Amino acid sequence: MVRRAPDADEFASQRQDMVERQLRRRGIGDERVLAAMAAVPRERFVPEPYVRRTYADSALPIGYDQTISQPWIVAAICEATALTGDESVLEVGTGSGYSAAVLAQLAREVLTIERVPELAQRARQALRDLGVGNVEVIAADGSAGLPGRAPFNAIAVHATAPAPPPTLMDQLAIGGRLVVPIASRGADMLTVFRRTAEEIDAMTGAGLEREVIGPCRFVPLIGSEGFSE
Ligand code: SAM
């Protein structure tokens with residue numbers, strides 16, 4: 001027997017459940033983030049073979065050896081950016097486009113970079129189909145950011161960097177936040193850097209506040225300022 005996919009109402013109810021059980025109960029407290037996660041239909045970004053598992057508490061395959069991230073980690077990254085609504089945001093690692101759609105609810109504009117051109121194209125289409133008008137998808141290596149479009153009020157990286165990335169820090173506005181998983185011996189560590197001064201030094205940490213949110217697991221950031229392929 002072929003099981004039918006849930007309809008829009010069933011997905012909406014699963015989404016509300018996800019927000020309460022996976023996010024609110026597990027510490028996501030920013031009401032704007034919770035509302036954004038409740039508004040974006042994740043099922044529109046999940047490939048058909050996995051669509052029944054859209055609201056599972058896990059990442060899911062999207063092809064090209066990549067994944068759409070677990071809902072909780074998307075919410076945690078969005079919360080760590082501390083957006084209030086009028087920001088320009090750079091996202092590195094578009095993947096399916098889902099996290100960009102959530103960020104789009106929280107900021108004025110989102111520029112998102114994906115190194116796999118086929119995924120960038122699919123994400124662009126999914127965002128267009130959903131009527132998301134404030135996201136620009138760029139197919140490129142995002143490990144060095146987008147210096148020509150900087151500064152950004154927030155930078156969200158959805159792949160693990162080998163070390164704190166100075167080039168991305170340089171592209172933060174003063175007061176801006178960079179949220180990035182950093183490789184360490186045991187587990188990747190989801191880390192937030194807040195730029196506090198014009199002059200910054202990634203080596204000494206001058207001009208930067210640093211907070212570790214906790215362990216996480218991501219695909220590697222591959223590129224000129226990431227891991228080699
Ligand atoms: N947040 C995404 C979503 O909601 O679907 C999932 C992101 S997935 C975990 C990580 C993505 O980062 C992959 O699609 C991968 O191709 C991309 N990536 C890795 N290195 C990159 C780089 N240097 N520049 C841009 N994208 C990169």
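## The largest pocket

Modeller: Strand 2 gives three residues to the lining of the largest pocket, which is the largest share. Keep in mind that the model is predicted. How much space lies in this pocket? The volume comes to about 500 Å³. The lining has 32 residues. Closest to the centre of the pocket are Gln66, Thr67, His158, Ala159 and Val219. Look next at the elements that supply the lining. Those that give two or more residues are strand 2, helix 3 (71-81), helix 4 and strand 4. Now sort the lining by class. It holds 17 nonpolar residues, eleven polar ones and four charged ones.

Next comes the ligand. Where does it go? The space that the ligand takes is this largest pocket. Around the ligand, the elements that supply two or more residues to the shell are strand 2 (66-68), helix 4 (98-106) and strand 4 (109-114). Strand 2 gives the most here, with three residues. The lining of the pocket also takes its largest share from strand 2.

The shell around the ligand counts 25 residues. Which of them come nearest? They are Ser96, Ser99, Glu114, Gly142 and Ile222. By class, the shell has eleven nonpolar residues, eleven polar ones and three charged ones.

Now go down to single atoms. Serine 96 has a polar side-chain atom 2.6 Å from an oxygen atom of the ligand. Glutamate 114 also places a polar side-chain atom 2.6 Å from an oxygen atom of the ligand. Both Ser96 and Glu114 are among the residues that come nearest to the ligand. Histidine 158 faces another kind of ligand atom: its polar side-chain atom lies 3.4 Å from a nitrogen. How much of the ligand does the protein cover? On its own, the ligand has 610 Å² of accessible area, and the protein covers 99% of that.

Aspartate 65 sits in the loop between strand 1 (60-63) and strand 2. What is its phi? The angle is near 65°, a positive value in a residue other than glycine.

For contrast, turn to the second largest pocket. Its volume is about 170 Å³. Among the residues that line this second pocket are Arg26, Gly27, Ile28, Trp72, Arg177 and Val192. The elements giving two or more residues to its lining are helix 3 and strand 9 (208-216). Helix 3 supplies the largest share, four residues. Helix 3 also gives two or more residues to the lining of the largest pocket. By class, the lining of the second largest pocket has seven nonpolar residues, one polar and four charged.

Last, a backbone detail. The peptide bond from alanine 150 to proline 151 is cis, with omega near 5°. Proline 151 lies in the loop between strand 5 (135-139) and strand 6 (152-157).

Methods:
Residues are numbered from 1 along each chain as its sequence is written. This is a predicted model: local features need pLDDT of at least 70, side-chain atom pairs count only at pLDDT 80 or more; totals for chains, interfaces and linings use all residues. Side-chain values use heavy atoms; hydrogens and water are left out. A residue is near a molecule or strand if one of its heavy atoms lies within 4 Å of it. A polar contact is a pair of N or O atoms within 3.5 Å; within protein, one must be able to donate a hydrogen and the other to accept it, and residues adjacent in sequence count only if both atoms are side-chain atoms. Accessible areas come from the Shrake-Rupley method with a 1.4 Å probe; for residues, only the protein chains shown count as cover. On a 1 Å grid over the protein atoms alone, a cavity is a set of points where a 1.4 Å probe fits but cannot get out, and a pocket is an open set with protein on both sides within 12 Å along at least five of seven lines; lining residues have an atom within 4 Å of a point. A molecule sits in a cavity or pocket if more than half of its atoms lie within 2 Å of its grid points. Ala, Val, Leu, Ile, Met, Phe, Trp, Tyr, Cys and Pro count as nonpolar, Asp, Glu, Lys and Arg as charged, and the others, Gly among them, as polar. Grid points are joined across faces, edges and corners, and a volume is the space filled by probe spheres set on the points.
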